[in-house]
Every structure is written in structure tokens, then in C-alpha cells.
Amino acid sequence: MPMTTKMPNKLINEKSPYLLQHAYNPVDWYPWGSEAFARAAGEDKPVFLSTGYSTCHWCHVMERESFEDEEVALLLNKNFICIKVDREERPDIDNIYMSVCQLLTGHGGWPLTVFLTPDRHPFYAGTYFPKHDSANITGLMSLLKTVNDIWHNNRNTLLDASKEIIAVQKADKRPGASSLTADVIHHAFSQLKNSFDSKYGGFSNAPKFPAPHNLLFLLRYWYSKKDSSALEMVKKTLDSMKNGGIFDHIGFGFSRYSTDRKWLIPHFEKMLYDNSLLAVAYAEAYLATNNYSYSETAHEILEYILRDMTSEEGGFYSAEDADSEGIEGKFYIWSRDEIKNVLGDKDAEEFCTIYDITPKGNFEGLNIPNLIEAGALSEDKKAFCEACRKKLFDFREKRIHPYKDDKILTAWNGLMIAAMAFCGRTLGEEKYILAAEKCVCFIFHKLVRSDGRLLARYRDSEAALPAYLEDYAFLVWGLTELYEATYNPLYLQKALEFNNAMLSLFKDDKTSGLFLYGHDSEELITRPKECYDGAVPSGNSAAVMNLLRLAKITGLSELEREAKSIIEYWSSDIEAVPAGYSYMLCGYMYSISEMSSEVVIVGSDSKQMLKAYNSIFHPFTVSVSKINKELISFVPHYSQYRDKEKETTAYICRNFSCMPPVTDISKLQEALMQ
């Protein structure tokens, strides 16, 4: 029997897509847990830990080169207990050991490779290792032999190293908290401005990540400070990303990042979280500029999600892979001849000219469609390009698709609920709001335990893992947006309930800030807190914004005090590198803004007034409408609002005082834009 027909290893958790990428895997992988570590102790072996995610290209490369290789597997199985962890299911484990990798090497990334003692203490870490030594990288074979030799012949060296690492990990190196001043907002803006690429947008040369929360910060800075350069940076970045190959011009949606400065060549996997936050960024830019192309892009992102990334039950899938048939980007790239075969010579000639499709190619001899040179489509070209796109999309659908990570993560679903609700409300698309509601219903029924505890992951009819800070914070974000999109008090009530549970489970009562995992979760070697806004806003940053918005909607001042306490706790970190905390600073701007407002709209025919309210960019405003007994039952002060002479009426409160009631739409818009 050929070796490649061997059955998959059965030791691993079969609910995790990252652990089941390929059928042939000769390494004896164990799930994270006491059984594996007890085995390591009993057999006197160190632990080999690999964390990654199902759509990670370099995780696939290391798997093909090493973990599917009999020679490597022999060394691993003989000398180590091997554990695989899906970092999207266990961000707590990944966060702790990724920080070790960054401490030891100065950088991080996936796949993450860590060597542990049987008591879970790390003594060596790195990322991708090829099978054999290369000019600059130690090969995995050499590393495994070296670690095994030291483990048996000079173990104290490794144990001493692990003690030092743990000591550093547990030490609180943060300076004492202090109160921020508005200067930090200007410093963050200056850092982003200094790193801005004026030719192609974005905030680095290469690789380039979308980092939508940076754009949300700049939009709020422009709104607050009336600095046009902030808006120009947003517009340039959004335009350049949409024109680049990082955007899928045939099937829509954005890839995770660009490997080059021009946004041409993406790392082709598509992540739910990126597309959630980018949809919000494009929709906000539309409100700020009235440029319809931004609204169009937000629509396209969400159309991709509804078409390809939504389960029948209403949950949103996590990601699509970069690779298909073992080749990165194969599903997405084109030859000029393929375009001709699909479109015919005449249409192909025009389409190829517009989208940079050449015989030579722009990516490994083939082509990534893009508009970098052509620029945004003119109105007279849109109908032609859309007709061609549909034909190419239908043709592409017949190709072998990239692997879809079909696990449903509560955190990322919270972000997409927020995006669907916000875009549905501001762009006037009811189906997005309905999709958000369906997803919330799914989470309530499938991802909430009988005791009310939120869970983190759903796959193959199984919900598992106590939810993390991000799960709670992002779900509350989504529920708050959904309340403002529907004014159904159930969503506001649930937002408050999950917010209160979040504080109970994750709050550090000794100081402040929120831990990554709850006090009822598995106790790991450390209990980290994180505020840095990386690929997504941190759980602490999202929690601050939630607390502020809920405080304004409900009048619960203790929620605002909690938000300010968290900001103060992280103040020294923020002051050190302000641009690294852009979403936390969105919350801070909100907390000190003189334009922070609450709008209550009442009346039996409020549709037009609400439409006007939703058409304006006012990021520091919350709204309440459709006041009923259910809302008053837990926010009693709304009982005082009454229609003025049976006309639809807007009540605007700002800076602890209320303006005269407004019944004219233009006056509402004027008041909100002051």
C-alpha cells in the first residue's frame, strides 16, 4: 500500500480544521491537555508545540515539508510529545507562547514552534523551520536532534532558560498608570502621518496590512480636528486597496494582506475579521465623503460574505485558504488566453487592458486582476466590466476552490454582526440587518451554554471552549450596532447582559484592565492582558468603546467610569506608541469629545427622520427610537420622552445639556454636523 494512503492520525481533536488539513500525517499529534503533558512526564520527553491556523500558507508549507515527512515524524514521535493547537480556537495558549517567541527572537508569526517542559514551561521558540538547514535558517531536523541531545545530557540548561522566560513573562514591566491628555491623540496622528505611503496609501512599504482600525481612528481625528490630511490618508488607502490585487475583482472580498507596496500581490487567504472591519471603514468613508464608490465596495464585501461565507444556520465562516491544489493563489490568477476563451477576443482585449492582464503576467507568469494603473472604473465602463466579471466568476467557480475554514468563531461573528448591522443601517440595505439578526439568533441558540456562559467555537454541530474576552467584547459590539439598526430592545438588553458577564469574568479587580481568558477557564502558566490593536482591535479596546456607548444609551454612569479606568490602566503603554492603540484612542476621543451626543427620535412616522440621521457621519453619537414598555423596563428614564404635537421629534443631548426638540429633518442634520 502506498504510504500516502495511510489514514489520518486519530489522536488529535477532529473538530479543529487546522488539525485536519491533510489526510496523511505520520506525526502523533495530541490535543492540548493534561493527558499529553502527563504522557510527556511519564516518558521523560519534552513537548513539541505547533500553533497555527487552517488558512495559513506557511503552516501548510511546514506541514508538507516536515510534518508529512516520515523522517521528521520518526524523530518527533520518538523523542517528543507533539501537540497541535488551532490558534483561532485557543488564542490564550497562542498569545502566551507567541509572546515567548517574540521575547526570544524579536519577532513572531505562524506557524509558531515552541519546545516545552512537561510542566508547560517554554525553553525555546521560533516560527517556520524548513526540514533541512539553509543558509540563514536552522532546519527542523537539526533542531530536533539538538534539543533532544541537550534534554538528555544538559537538561539544567533548558530548565534554567524556562525559569528565566517564565519570570520575565510574569513580571509586570508596565510603568504606573497615569491620565492621558489630548496630546496623545495628536501624537498617534503624527505617527500614522509619518509612516503614511503617499503614493500607494497604507502605513508601511511591504508587507502591507489593511489595519482598518487605523482608518477608523483617522476618520474620527478628521471629524474632531477638521484636519483634511487625515481624511486624505483614509481616501488614498481605501482607493489603493480597492484598486489593488488585494481586492478580489472577480468574486469580491479582501485578502489578508499585500506582500508588496502597491497592494498588488496578496497573501491570498480571506479572513472574516478583515472583511468585517473593512466593510465598516468603507461605509464610514461613504458617510464622510458622500463618494458612492465607498458604499459600492462595502456592498461588494458583504455580498461576498453572504454568498460564500454564511452557513445555512446563519453563522459566518472564519476564512478561505490562500492555496488550492497545493499552489498559493491558483484559484485567483489568470492567463490572458483564459480571459480570451471566456470573453472572446474583442471583450477580452478591452478587459485585459483595464485590469492589467498581460501575456507576461504580474504574478509568477500569470495575472492578478487589478486597477492600479487604470484607476477606479469610469461610469461608462462599469456595465461592461460587470458583465465580464460575471462571466469570469462563473468560469472560476468551476475551478477547485481553496479550502474553507468552516468553524464559526463567536468573536469574528460579533465583528460581522456589527458590520452587517452598521452597513444595513447606513447604506439602507435591509438584508444585511436580517443577516445580522439571523447570526445573533444562531449564537444565542448554539453558542450560549445552559448556564448563560458564552462559548467560543462552533463546528460540526458542536459548540466548545469557554469564550474569551474578544468573544464577549466583539459580540457586545455587534449587539449594540444591531440595536441601533433595529431599535429592538432585546439586543440592547443582551448587550448589557453580556457586557456585565464580561466584566465579571475578565476584569482584574486588583488593578484594572481585562484578562484574555476568564477566571473560570483553564489556568495557564500566565494570565495575560492585551491592549495592542493588531490585526483586529484588542478586546480591551473594543470593551472601552462598548462601555462608553452603552453608558450613553442607558445613562449608566458606572459603565463610563469602567471605560475610563481601563483607558487609564493602559495609559503608559498608549503614550509609548500611540499609533499602536488606534482603536483604544477612538474610545478615548469619544470619552473626551465635545461632540459626543445622544439622539432620541420619537413619533409614529419616524422613517424619514431616521434615514436622515443614518446618512450623516457622526461617530460620537448614539441613538434611541421606537420607545416601548420593554425598553422602559430596564432603561426607565426613556418614559419621559413624548411626541411633540404628534410630529416626529428628535431630542439631542450633548455635554450634559439638551437642545430644543427638533421636528425638521434639516435642523436635525444641521445640529449633528455642528
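Reply: Contact means that heavy atoms lie within 4.5 Å. Keep that in mind as we look at this model, which is predicted.

Me: Thanks! Can we begin with a helix? Which helices do the buried residues of α18 pack against?

Reply: They pack against α16 (430–446), α17 (469–486), α19 (539–554), α20 (557–569) and α24 (629–634). The buried residues of α18 include Tyr491, Leu492, Phe498, Met502 and Phe506.

Me: Which residue caps the N-terminal end of α18?

Reply: That is Asn488, with a side-chain oxygen 3.0 Å from the backbone nitrogen of Leu490.

Me: Now a single residue. Is Thr117 buried or exposed?

Reply: Buried means under 20% relative accessible area. Thr117 has 2%, so Thr117 is buried. You will find Thr117 in the loop between β4 (112–116) and β5 (122–126). Setting aside residues up to four places away in sequence, Thr117 touches Phe37, Val47, Phe123, Trp151, Leu159 and Ser162.

Me: How many aromatic pairs does the structure hold?

Reply: There are 41 aromatic pairs. To read one, look at the distance between ring centres and the angle between planes: under 30 degrees counts as stacked, over 60 as edge-to-face and the rest as tilted. For Trp334 and Phe395 the centres are 5.9 Å apart and the planes stand at 35°, so this pair is tilted. Trp334 lies in the loop between β11 (327–328) and α12 (336–343), while Phe395 lies in helix α14 (residues 379–396), so the pair ties together parts 61 residues apart in sequence.

Me: What lies over the face of Trp334?

Reply: Arg399 does, at 4.1 Å from the ring centre.

Me: Let's finish with strands. Where do the side chains of β18 point?

Reply: In a regular strand the side chains alternate between the two faces of the sheet. In β18, Thr649, Tyr651 and Cys653 point one way, and Ala650, Ile652 and Arg654 point the other way. Strand β18 (residues 649–654) is mostly covered, with 6 of its 6 residues buried.

Me: Which strands are joined to β18 by bridges?

Reply: Strand β16 (residues 597–602) is joined to β18 by 6 bridges, in antiparallel fashion; there, Val602 stands opposite Thr649. Strand β19 (residues 657–658) also runs antiparallel to β18, joined by 2 bridges, with Cys653 opposite Cys658.

Me: What happens in the hairpin of β18 and β19?

Reply: It has 2 residues between the strands, and Asn655 takes a positive phi near 55°.

Key: Residues numbered from 1 in each chain as written. Predicted model: local features only at pLDDT ≥ 70, side-chain atom pairs only at ≥ 80, totals over all residues. Heavy atoms only, no water. Buried < 20%, exposed > 50% of the residue type's maximum accessible area, 1.4 Å probe, protein only. Helix = DSSP H or I, 4+ residues; strand = E, 2+ residues; numbered from the N terminus. Polar contact = N/O pair within 3.5 Å; in protein donor to acceptor, adjacent residues only side chain to side chain. Phe/Tyr/Trp six-rings, centres within 6.5 Å; stacked < 30°, edge-to-face > 60°. Lys NZ or Arg CZ within 6 Å of the ring centre and 35° of its normal. Pairing = 2+ DSSP bridges.
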